[in-house]
Amino acid sequence: MVAAFAESLRTHDFSGLQLEEMIEIIKSEIRDEYLQDHSYPWVIGYSGGKDSTLVVHLVYEVLMDLPRSQRRREVHIVSNDTLVESPLVIGHIKESLERISDAAVVLRLPVVTSITTPNLDHTFWVNLIGRGYPSPNRTFRWCTDRMKIQPTSAYIKSKIEESKNVILLLGVRRLESATRAASVKRYDNGERLNRHNDLVGCEVFRPIVELTTDDVWEYLAEHDAPWGGDHQKLIKLYRDASGGECPIVTQKSDAPSCGSSSSRFGCWTCTVVDKDRSLEGFVDAGFAEFGPLLDFRDYLVAIRSDPNKRSARRRNGTITITDTGTFIPGPFTLETRHEILDRLIDLQRNQPVDLISAEEIDRIRQIWSDEITASPKSERAVTNIVKKVR
Ligand code: SF4
């Protein structure tokens, strides 16, 4: 079977095999790689979506089948929280990670779970409201690197520092989309492990690369989660969102898949997509409390193209006019930033989850003060807004 898998890696052909046969081949590859004679830890990028769930599921089963003496390699299951994730999705990620971690303790599996977050200076609100960065769009997408790639990369780098090398397991699949297929192709060297494009010391292992979307759903629907329960909640989440997922992103060349035009689980604030179909799906499925989030996102889209909301000068004081004579406005004006924070805090009142943290508000306040130390008017406005939340 291993020979068949190696052949399939070369030819990208799983045709003629039943799903259970393919899964057995994949599990034997996972087992074989896990038992290699080195101690490099594994990191699994877990987005909470179907593909990374299947990878975690299969790795978990392989670990459970191994004698305890052979479970020597640490497996880190790492999710990233941008701090503006769709509330239902981040709720699912936290809940499933807790189950995965609790079961690992009982089963004595060397599994470590972790959630990375952007550092305070790189969060969505600190940049948008604090510094006035315009709501991200396809040409100025400042968010993915700061909020997703850097936190996950920092985690992987910390493991590389400790162990010299890391094996990164990703749930990418060739057949997921044309963009994904292009991204997957970059890793096609005919070997099981491929060097990561950006992270030195990181090798990428894509165990389910040849599975189809139907294969993934079929397997998840028919098998209980090895950490307890089943995958029905995940299936319902997709059904409600009627969309795809925003996967773990560890390099800029993968970034188009995050916030692309297809519907995905992503940040509820995402202004890169034309419409947030997943959040719309949740609202249609009965989660009416998220309707105001959709309105707020639309507001962020609208103010981006309102010249009255933007400064003429960029943050470095320059004025930008392109070769074709197009004027590129600068950041949101301070008044606009006050307005956004004011509205966000009003929105927060009726939400079951935190939309912005006290630390972010403090940092925003500090940035505003640094920017206009001589403006008591602005300082007063900040104080009034901040009073509303405390
Ligand atoms: S989902 Fe949208 S807002 Fe969030 S990081 Fe991706 S592109 Fe940026």
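Mentor: Helices here are DSSP runs of at least four residues, strands are runs of at least two, and both are numbered from the N terminus. The model is a predicted one.

Trainee: Where does serine 86 lie in those terms?
Mentor: Serine 86 is in the loop between strand E2 (75–80) and helix H4 (87–107). The chain has 14 helices and 8 strands.

Trainee: Why is serine 86 called buried?
Mentor: Buried means under 20% relative accessible area. Serine 86 has a relative accessible area of 1%, so serine 86 is buried.

Trainee: Which residues does serine 86 touch, not counting residues up to four places away in sequence?
Mentor: On that count, serine 86 touches Gly266, Cys267, Trp268, Ser278 and Leu279.

Trainee: Is histidine 92 buried or exposed, and how do you know?
Mentor: Its relative accessible area is 11%, and the cut-off for buried is under 20%, so histidine 92 counts as buried. Histidine 92 lies in helix H4.

Trainee: Which residues does histidine 92 touch, with residues up to four places away in sequence not counted?
Mentor: They are Tyr46, Gly48, Leu234 and Leu237. Glycine 48 is 44 residues from histidine 92 along the chain, and their C-alpha atoms are separated by 7.0 Å.

Trainee: What makes helix H3 largely enclosed by the rest of the structure?
Mentor: Of the 16 residues of H3, 14 are buried, so the rest of the structure largely encloses this helix.

Trainee: Why is H11 called roughly antiparallel to H12?
Mentor: Helix H11 (residues 291–304) and helix H12 (residues 334–348) pack at an angle of about 175°, with their axes 11 Å apart. Angles over 145 degrees count as roughly antiparallel, so H11 is roughly antiparallel to H12.

Trainee: Which residues make the contact?
Mentor: H11 contributes Pro292, Leu293, Phe296, Tyr299, Leu300 and Ile303, and H12 contributes Thr336, Glu339, Ile340, Arg343, Leu344 and Leu347. By class, the contact of H11 with H12 has 9 nonpolar, 1 polar and 2 charged residues.

Trainee: What share of the whole chain is buried?
Mentor: Buried residues are 54% of the 390 residues in the chain.

Technical notes
Residues are numbered from 1 along each chain as its sequence is written. This is a predicted model: local features need pLDDT of at least 70, side-chain atom pairs count only at pLDDT 80 or more; totals for chains, interfaces and linings use all residues. Side-chain values use heavy atoms; hydrogens and water are left out. Buried means under 20% relative accessible area, exposed over 50%, partly exposed in between (1.4 Å probe, protein chains only). Axes are lines fitted to C-alpha atoms, for helices over the stretch in contact, and angles run from 0 to 180 degrees between N-to-C directions. Angles under 35 degrees count as roughly parallel, over 145 as roughly antiparallel, 65 to 115 as roughly perpendicular and the rest as oblique. Contact means heavy atoms within 4.5 Å. Ala, Val, Leu, Ile, Met, Phe, Trp, Tyr, Cys and Pro count as nonpolar, Asp, Glu, Lys and Arg as charged, and the others, Gly among them, as polar.
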